[in-house]
Amino acid sequence: MSTPDWYITGLPHVWLPYSQMKTAPAPLAARSTRGSLIELEDGRVLTDGVAAWWTACHGYNHPHIRACAAEQLMRMPHVMFGGMVHEPALKLASRLAALLPGDLDHVFYTDSGSVAVEVAIKMAVQYRINRGEAGRVKLLSFRGGYHGDTLATMAVCDPEEGMHHLFAGVMPSQYVVGLPVDEASTAAFEAFLAEHAATITAIIVEPLIQGAGGMIFHSPGVLRTLRRLADKYGVLLILDEIFTGFGRTGTMFACDQAGIVPDIITLSKALTGGTVALAATVARRHIYEAFLSDDPEHALMHGPTFMANPFACACANASLDLFATEPRLEQVAAVEAALRDQLEPCRTLPGVRDVRVMGATGVVELDRIASPEALRARFTEEGVWIRPFRNIVYLTPAFTITADELSRLTGAIRRVLSGS
C-alpha cells in the first residue's frame with residue numbers, strides 16, 4: 001500500500017518521544033485497534049504486547065468504555081473544575097476511596113502520571129510547611145526508580161541509570177539510595193534515614209515493580225519495611241502506583257499484597273482503561289487535614305486546566321465497572337501462569353541474564369541489547385508489537401488477551417532471541 005498523505009506531510013513536524021530525531025527509524029502508521037491487535041495503514045496487523053504503554057488493561061475499544069465515552073461526549077466533554085463539580089468526577093472519587101486501602105479518601109485529579117507525582121511531592125512538602133516543620137523538604141527515592149519526566153519528578157528518578165542525567169545541574173537535589181531488600185541493605189537504609197530524617201518529608205517508591213527503570217521486582221516485605229521505618233522516623237510514604245495500579249501485579253493495587261496504607265498514592269495509566277489521559281493523587285485524611293485552615297496560603301495551589309475532565313472521568317468509571325463485573329484479576333492470574341510457562345525456556349538462551357514474571361508483566365533480561373530499534377524491527381517482522389529498552393524485552397499485555405495471542409507474543413520472543 002502507498003504511504004498515506006497525512007503521514008508524508010505530517011511526520012516532518014512531529015517530535016517523537018524518547019527518540020534521537022536525526023537517526024530514529026520511521027515510526028509505524030497505525031490505523032485502528034481492537035482487543036489486543038493494532039492494524040497498520042499498510043494492512044499488517046500486530047499483536048500488542050505492551051498495551052499502549054501498560055494502559056489498555058481491558059484491551060482496545062472495549063464496548064462498555066466506548067459506550068460510556070460516547071454518552072459523556074454528547075452530554076458534556078469538559079467543564080472547568082474551578083468552582084464547579086460534576087457527577088463523573090465525584091462518582092469516581094468515591095469509588096477510588098472505596099477501593100483503596102485505609103483512609104486514602106481525598107482525590108486530587110490531574111491529567112498525567114508525571115503531574116500526579118509532582119502534586120504528591122507538593123503535598124508532602126507543603127504538609128510540613130503548614131505544620132511548621134521547617135527544613136523537611138527533601139524526598140528519599142531509590143536506585144532503579146522512575147517517577148516521570150517533569151523537573152521535580154526527574155529529581156527522584158535514578159540519577160545514574162535513568163534518562164535524566166543531563167539535567168543534574170537544573171533539578172533540585174534529592175536523596176536516592178538502594179532499596180532495603182535484605183538484612184544488610186535494610187540496616188544501611190535505616191542508618192541513612194536516621195541520619196537525614198530531620199530533612200526528609202517523604203519516601204517515594206514504585207511498589208513491587210520499578211517499571212521504566214528496568215522492570216525490577218521486589219517483594220511485599222520491602223513495602224512493609226518502608227512503612228515501618230517511615231513511621232519510626234516520622235516520614236511520609238508515597239507509593240507511585242501509576243504502573244502497578246489496577247491489577248497489573250495480580251492485585252487491584254500493589255500495596256494490597258503488603259497490607260500497608262501509604263500516606264499518598266499516585267494513579268494513572270490504566271485508570272481509564274487506556275482510553276484517555278487522566279491521573280489522580282490520593283491522600284490520607286491526616287494529609288488533607290493539614291491543608292484545612294483559615295489561612296489562604298495553607299491551600300494546595302495547583303489546578304490543571306483539564307483537571308477532572310468529565311469525559312476522562314466517565315471512561316475511568318466505565319473501566320472500574322469492568323473490574324467489578326468481569327473477571328479481570330482471574331485473567332491476570334491466567335496471564336501470569338502462561339508467561340511463566342512460555343518465557344521460562346528463554347533462560348537457557350545465550351545472553352539471557354534472567355527471566356521474571358509478576359502478574360501480567362513478563363521480563364527477559366539480557367546482558368545487553370546492542371540496538372533496541374533493530375530488535376523492535378525483528379519483532380514487527382514476527383507480527384508483534386514489543387518495545388525492548390535498556391537490556392530487557394518485556395510484555396505487559398492487556399488482561400483480556402487471548403491464549404493464542406499471548407502465545408504469539410512469547411513465541412516471537414523465543415524465536416527472535418534464539419536467532420531463529
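Trainee: Which side chain makes a polar contact of 2.8 Å with the side chain of D240?
Mentor: This is a predicted model. In it, a polar contact of 2.8 Å ties the D240 side chain to another side chain. D240 also has contacts beyond its neighbours within four places in sequence, among them V117, Y146 and T266. The polar partner is H147.

Trainee: Is D240 buried or exposed?
Mentor: D240 sits in strand β10, residues 236-240. Buried means under 20% relative accessible area. D240 has 5%, so D240 is buried.

Trainee: And T305, buried or exposed?
Mentor: T305 belongs to the loop between α9 (285-289) and α10 (310-325). The cut-off for exposed is over 50%. T305 has a relative accessible area of 61%, so T305 is exposed.

Trainee: UniProt lists G113, S114, D240, P304 and T305 as "binding site" in an unreviewed entry. How far apart are the farthest two C-alpha atoms?
Mentor: The UniProt record's positions, G113, S114, D240, P304 and T305, span 193 residues in sequence. They do not all gather at one spot, because the farthest two C-alpha atoms are apart by 22.8 Å.

Trainee: Turn to helix α12, residues 372-381. Within what arc do its buried residues fall?
Mentor: The buried residues of α12 are P372, L375, R376, F379 and T380. They line one face of the helix, because seen down the axis they fall within an arc of 145°.

Trainee: Which helix is included in what covers those buried residues of α12?
Mentor: The cover includes strands β3 (45-48), β15 (384-385) and β16 (392-395). It also includes a helix, residues 403-418: α13.

Trainee: Which residue with positive phi follows α12?
Mentor: Its phi is near 85°. The residue is G383.

Methods:
Residues numbered from 1 in each chain as written. Predicted model: local features only at pLDDT ≥ 70, side-chain atom pairs only at ≥ 80, totals over all residues. Heavy atoms only, no water. UniProt positions renumbered as here; feature names shortened; annotations may be inferred. Helix = DSSP H or I, 4+ residues; strand = E, 2+ residues; numbered from the N terminus. Buried < 20%, exposed > 50% of the residue type's maximum accessible area, 1.4 Å probe, protein only. Contact = heavy atoms within 4.5 Å. Polar contact = N/O pair within 3.5 Å; in protein donor to acceptor, adjacent residues only side chain to side chain. Arc of directions from axis to C-beta.
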